[in-house]
Amino acid sequence: MTVSLGRRRTAVFALFFLPGLAMASWVTRTPDVRDLLGASTGRMGLVLFGLSVGSMVGILCSGPLVARWGARPLIAAGTLATAAGSGVIGLGAAAGADTVVALGLGLIGLGMGGGEVALNVEGAEVERLLGRSTLPAMHGCYSFGTVVGAVGGMILTAVSFPVLWHLAVVTVVVLAVLVPMVRCVPAGVGRRAGNGDGAHAPASARPAVWREPRLLLIGGIILALAMAEGTANDWLPLVMVDGHGFDPALGSAVYAVFAASMTVGRFVGGRFVDAYGRAAALCASAVVGAVGIALVIVVDNQAVAAAAAVLWGIGASLGFPVALSAAGDSGDNSAARVSLAATVGYVAFLVGPPSLGHLGERFGLRNALFLVLILVVAASFITPAARTAHPAPTP
């Protein structure tokens, strides 16, 4: 079946929306899940480690699997795992079972880690065909999903709606959207030619890509700004509740503000990238994000903390999609480069939750954010690696 480029782009937008919806729906209920489990901050860090493990398994497997079968099967399987994980988290929370919640998070991590790498490969190809900066808007759809999930979670938290039924509804919605949209993704995108007789080709190509200093620097930018985004996804409601004294519903509301800021930054940011270039956009993102994180850490005021979440969201918004675009344009074999850069960036999902949980247990969650702040500040100094050697394409 031949699919028009417009329908293909719409499908990518919708498929980016789904993991954002699932992630935010879980994140906004973290205070309730924590209470249902009776877990300490350190224990919640261990539960969140399930998300990290699942993410890394999906990430490490996704590159070879995309090279073998193309992006579409991985997108479908990843989204299915994300939907299933939401339901399992709800079951684990209702039963007060840490291991079941961790398993559900592992499924979400597996789905997002594997599926999103494949989705970014497809998104980068659509961006190339369109000839203009489009990945930020695609990731903006992910952020829009987080806004919808966060607002819904905030309302349902306020009315004490059961976590189990909330996440069960999310599961159904994700499956209902996935089925028609995945059919619009062409088969074979990202698949290497000659897989049948050239099984050694991916292995021989991969070390050369790993050795490229510029691509590794771009991966470092992704690592830092993905850490900033992932930290908010994992911990922001609890930072607001435990670190700034918000009640759970207002803590979820602050996360919704963060998600909305991410969404605006991504939908508007493509124009900024086309006008000023990737390096300038990434540097501005890192600086704004660092200011927001610093305010959350050092200023003991609820209004300032809520306003800082806006800066944090805007700052983190362009890092992942813009750096992925830069990785794809850094040389031949764009799909392999996007996969590698995404893999490096997703390391943040492995080291982030348990590290911040451990630091938060010892020093408080606000002080634990200094680790993220240092990484984001460091990223601002290496953003010239994302500079393109040729003018960005115009619409």
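Patches consist of residues with over 30% relative accessible area and no salt bridge, like charges being joined within 9 Å and nonpolar side chains (Val, Leu, Ile, Met, Phe, Trp, Tyr) within 5 Å. The accessible areas are Shrake-Rupley values with a 1.4 Å probe, and for residues only the protein chains shown count as cover. The model is predicted: local features need pLDDT of at least 70 and side-chain atom pairs pLDDT 80 or more, while totals for chains, interfaces and linings use all residues. Residues are numbered from 1 along each chain as its sequence is written, and side-chain values use heavy atoms, without hydrogens and water.

**View 1. A nonpolar surface patch with residues from α6 and α10.**
F144, V148, V264, F267 and V268 make up a nonpolar surface patch of about 430 Å². Two elements, α6 (135-158) and α10 (248-276), each give two or more residues to this patch; helices here are DSSP runs (H or I, at least four residues) numbered from the N terminus. The largest share, 3 residues, comes from α10. V264 is placed in helix α10, and its relative accessibility of 52% makes it exposed. The classes used here and below are buried (under 20% relative accessible area), exposed (over 50%) and partly exposed (in between), with a 1.4 Å probe and protein chains only.

**View 2. The second largest cavity, with lining residues from α1, α4 and α5.**
The structure holds 5 cavities of 30 Å³ or more. A cavity is a set of points on a 1 Å grid over the protein atoms alone where a 1.4 Å probe fits but cannot get out, and lining residues have an atom within 4 Å of a point. Points are joined across faces, edges and corners, and the volume is the space filled by probe spheres set on them. The second largest cavity has a volume of about 80 Å³. Its lining is formed by L15, P19, I75, G78, T79, T82, G111, M112, G115, E116 and L119. Helices α1 (5-27), α4 (71-95) and α5 (98-130) each supply at least two of the lining residues, and the largest share, 5 residues, is that of α5. By type, the lining of this cavity divides into 5 nonpolar, 5 polar and 1 charged. Nonpolar here covers Ala, Val, Leu, Ile, Met, Phe, Trp, Tyr, Cys and Pro, charged covers Asp, Glu, Lys and Arg, and the others, Gly among them, are polar.

**View 3. The salt bridge between E122 and R8.**
The structure holds 7 salt bridges, each a side-chain nitrogen of Lys or Arg within 4 Å of a carboxyl oxygen of Asp or Glu. E122 forms one of them with R8, and the closest N and O atoms are 2.6 Å apart. E122 belongs to helix α5 and R8 to helix α1, so that distant parts of the chain, 114 residues apart, are linked by the pair. Both E122 and R8 are buried.

**View 4. Further salt bridges, formed by D32 with R29 and by D300 with R366.**
D32 and R29 meet through their side chains at 3.1 Å, N to O, and both residues are buried. The side chains of D300 and R366 also form a salt bridge, at 3.1 Å from N to O. D300 lies in the loop between α11 (278-298) and α12 (302-317), and R366 lies in helix α16 (residues 365-368), so this pair ties together parts 66 residues apart in sequence. D300 is exposed, with a relative accessible area of 64%, whereas R366 is buried, with 15%. Salt bridges with shared partners join R34, D35 and D242 into one network.

**View 5. Helix α13, largely enclosed by the rest of the structure.**
Helix α13 (residues 319-328) is largely enclosed because 10 of its 10 residues are buried. The buried residues are G319, F320, P321, V322, A323, L324, S325, A326, A327 and G328. P321, in helix α13, has a relative accessible area of 0%. P321 and P136 are 185 residues apart along the chain, with their C-alpha atoms separated by 5.2 Å.

**View 6. G345 in helix α14.**
Helix α14 spans residues 334-345 and includes G345. G345 is buried, and its relative accessible area is 0%. From G345 to M227 the C-alpha to C-alpha distance is 8.0 Å, while 118 residues separate the two in sequence.

**View 7. S160, a residue other than glycine with positive phi.**
Phi of S160 is near 60°. Most residues other than glycine have a negative phi. S160 is found in the loop between α6 and α7 (163-182), and at 61% relative accessibility it counts as exposed.

Methods:
1 Å grid on protein atoms, 1.4 Å probe; cavity = no way out; pocket = protein on both sides within 12 Å on 5 of 7 lines; lining within 4 Å.
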